Amino acid sequence: MANITFSSPTLPKDITVYAVAGDNHTLLDVAKKHGIEIPRQCEDGECGSCLVKVTHLGAKDPMAITLSDKERVTLSVNGKMKAEWVDNAVVNDMPPPYRLACQYIVRAEDILVEFSGEPGVEIDLRRPKTVYKKDE
Ligand code: FES
């Protein structure tokens, strides 16, 4: 079992659902099953509109590390995959923060899934920025 918490400015509040791992369900499948609208178009890893940020929760090591070639290429072409993240995945088994919901296979791990609600737009671009005031 996996606890998956979806968070987005388009949702009235965060929604946590339980998913059975190992059924080859994608994050997009789980979201659709629970009426959570993640932007999508191709549903085949080619357009990048289902961009989500995934944060692993809990003490266990992340499991969903492997990206398909299609996911890696689409994230790279859309500027959502830094070279250092690729290296970190290969060397340290640490998955990159941005993934494609239609390609991410749910594993038995608890995760936070954040999305902006706009196709292919990073959630970090839609959060309020902290404003620092210079000392007076
Ligand atoms: S919907 Fe197109 S890449 Fe996921």
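Trainee: Which residue in strand 4 does V52 stand opposite?

Mentor: V52 stands opposite R99. Strands here are DSSP runs of E with at least two residues, and helices are runs of H or I with at least four, both numbered from the N terminus. The model is predicted: local features need pLDDT of at least 70, side-chain atom pairs count only at pLDDT 80 or more, and totals for chains, interfaces and linings use all residues. Residues are numbered from 1 along each chain as its sequence is written.

Trainee: What makes strand 3 and strand 4 a pair?

Mentor: Two strands pair if DSSP finds at least two bridges between them. Strand 3 and strand 4 are joined by 3 bridges, so they pair, and they run antiparallel.

Trainee: Why are strand 2 and strand 4 called edge strands?

Mentor: The open sheet has 5 strands in the order 2-1-5-3-4, with mixed pairing. Strand 2 (15-19) and strand 4 each pair on one side only.

Trainee: Why is E43 called partly exposed?

Mentor: A residue is buried with 20 or more other C-beta atoms within 10 Å of its own, exposed with 12 or fewer, and partly exposed in between; C-beta atoms are placed from the backbone. E43 has 17 such neighbours, so it counts as partly exposed. E43 lies in the loop between helix 1 (27-33) and strand 3 (51-56).

Trainee: Why does D93 count as exposed?

Mentor: D93 has 12 other C-beta atoms within 10 Å, so it is exposed. D93 lies in the loop between helix 3 (83-92) and strand 4 (98-100).

Trainee: What is the phi of D93?

Mentor: Phi of D93 is positive, about 55°, although D93 is not a glycine. Most residues other than glycine have a negative phi.
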